Amino acid sequence: MELVPNARSLLCFGPKQKYPIVFPFNFRLLKIIDALAIRFYEFPLQILVLVHLRYLAITCDGKLPNSISRLWNLEILIVCRHHNIKLSNNCPIYLPIEIWKMKKLKQLSCMGFDLPAPPPDDSNLILEMLLIVSDVSVHSCTMEVLSRIPNLKRIAFQIESAHDSNETFSFFSHFASLYEAFESFKCVVVNPNLKSQIVRCIPNFPQDIRKLSLSGCGLPWENMGVIASLPNLTVLKLRWYALCGPVWKTSEVQFPSLQYLLLEDLDIECWEFDGELFLFLDHVIFRHCYKLKTIQNQLEFVNRVEVDDCSLSFEKKMRKWRSTYDTEAKIRSSSTDL
């Protein structure tokens with residue numbers, strides 16, 4: 001290590017380590033540290049003197065120190081917890097309030113942590129350069145937090161359905177008013193109650209949104225009208241109970257720009273079309289949709305179709321369809337790949 005005192009990057013590859021190991025942080029000129037594969041019980045304080053850091057990715061069970069703001073050049077911060085342990089009172093674990101002083105942050109991914117509300121008496125604490133926030137819970141999505149991230153482009157968050165009340169979803173109704181230009185929105189409900197609707201309404205998304213991923217929300221297909229009307233949506237991923245019900249009805253005026261569609265672990269039985277399929281749809285994936293039986297023969301204009309371990313009747317239908325139309329279609333089941 002002494003032979004490379006001017007090293008700028010320190011990258012750790014390979015499988016994740018189960019136990020902490022001694023790790024050298026004595027390179028004062030480091031700009032990049034990727035140590036997600038290394039487990040730290042506590043945040044290594046030696047990192048705080050590396051003021052040239054632009055990128056830091058670390059797995060740490062302990063809280064981040066208040067002095068994290070010393071890394072004033074940091075642009076990307078990725079923090080994972082080795083064990084995502086909930087407190088006995090189910091309260092979220094917040095990042096230090098000093099995170100709001102890190103003005104150069106562009107991407108923040110903090111699995112197991114949440115963004116604290118900034119002090120209301122200091123209006124200068126605004127993260128204008130922050131574009132991406134991911135792996136947080138819905139507690140990071142309050143109006144107090146989001147209003148201080150004016151240029152946010154992508155957000156990915158989780159909802160703990162067993163603990164988070166419906167009041168925490170109130171920011172949905174204000175989302176479009178906060179952001180005019182937006183790219184990606186991902187919402188995952190953890191351990192959803194399959195007998196109830198977790199998310200009460202689909203938010204009014206910004207019209208420029210391009211990618212949308214939902215999981216565990218329990219919305220009825222009738223609520224898809226808001227999403228279907230988004231003029232610039234190109235990617236739609238619906239996973240595990242994102243929407244529920246036996247029939248999905250769509251029309252040719254919906255999804256005017258959609259190119260990629262994923263349906264995974266849904267209870268849908270039939271997909272019906274009123275008119276032609278979406279004009280620009282290029283890639284469709286059906287994955288673990290065990291109740292899906294029928295779909296109208298309007299996939300002939302789709303370049304790529306994948307069927308991954310769905311019902312036997314649907315797989316049989318898609319094999320017949322594949323032999324009829326000259327379309328790339330891959331059908332996989334638990335017993336064979338065809």
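**Reading the aromatic pairs**

W221 is buried, and so is W248. Both belong to a predicted model.

Student: How is a pair of aromatic rings described?

Tutor: A pair of aromatic rings is described by two quantities, the distance of the centres and the angle of the planes. In this structure there are 7 aromatic pairs. One of them joins W221 and W248, with 4.7 Å centre to centre and 20° between the planes, and this pair is stacked.

Student: Which parts of the chain does the pair tie together?

Tutor: W221 sits in the loop between β10 (219–220) and α3 (225–228), while W248 is in strand β13 (residues 247–251), so the pair links parts that are 27 residues apart in sequence.

Student: What is the geometry of the rings of W248 and F255?

Tutor: Their centres are 6.3 Å apart and their planes stand at 90°, so this pair is edge-to-face. The angle decides the label, because planes over 60 degrees apart count as edge-to-face and those under 30 degrees as stacked.

Student: Is F255 buried or exposed?

Tutor: F255 counts as buried, at 1% relative accessibility. W248 has a relative accessible area of 2% and is buried too. The cut-off for buried is under 20%.

Student: Which residues form the aromatic cluster?

Tutor: W221, W248, F255, W271, F273, F286 and F314 form one cluster.

Student: What about the chain as a whole?

Tutor: The chain has 4 helices and 19 strands. Of its 338 residues, 48% count as buried. Among contacts with a separation of 6 or more, 45% come from residues 24 or more positions apart.

How values were computed
Residues are numbered from 1 along each chain as its sequence is written. This is a predicted model: local features need pLDDT of at least 70, side-chain atom pairs count only at pLDDT 80 or more; totals for chains, interfaces and linings use all residues. Side-chain values use heavy atoms; hydrogens and water are left out. Helices (H or I, at least four residues) and strands (E, at least two) are DSSP runs, numbered from the N terminus. Buried means under 20% relative accessible area, exposed over 50%, partly exposed in between (1.4 Å probe, protein chains only). Contact means heavy atoms within 4.5 Å. Rings of Phe, Tyr and Trp (its six-membered ring) pair if their centres lie within 6.5 Å; planes under 30 degrees apart count as stacked, over 60 as edge-to-face and the rest as tilted.
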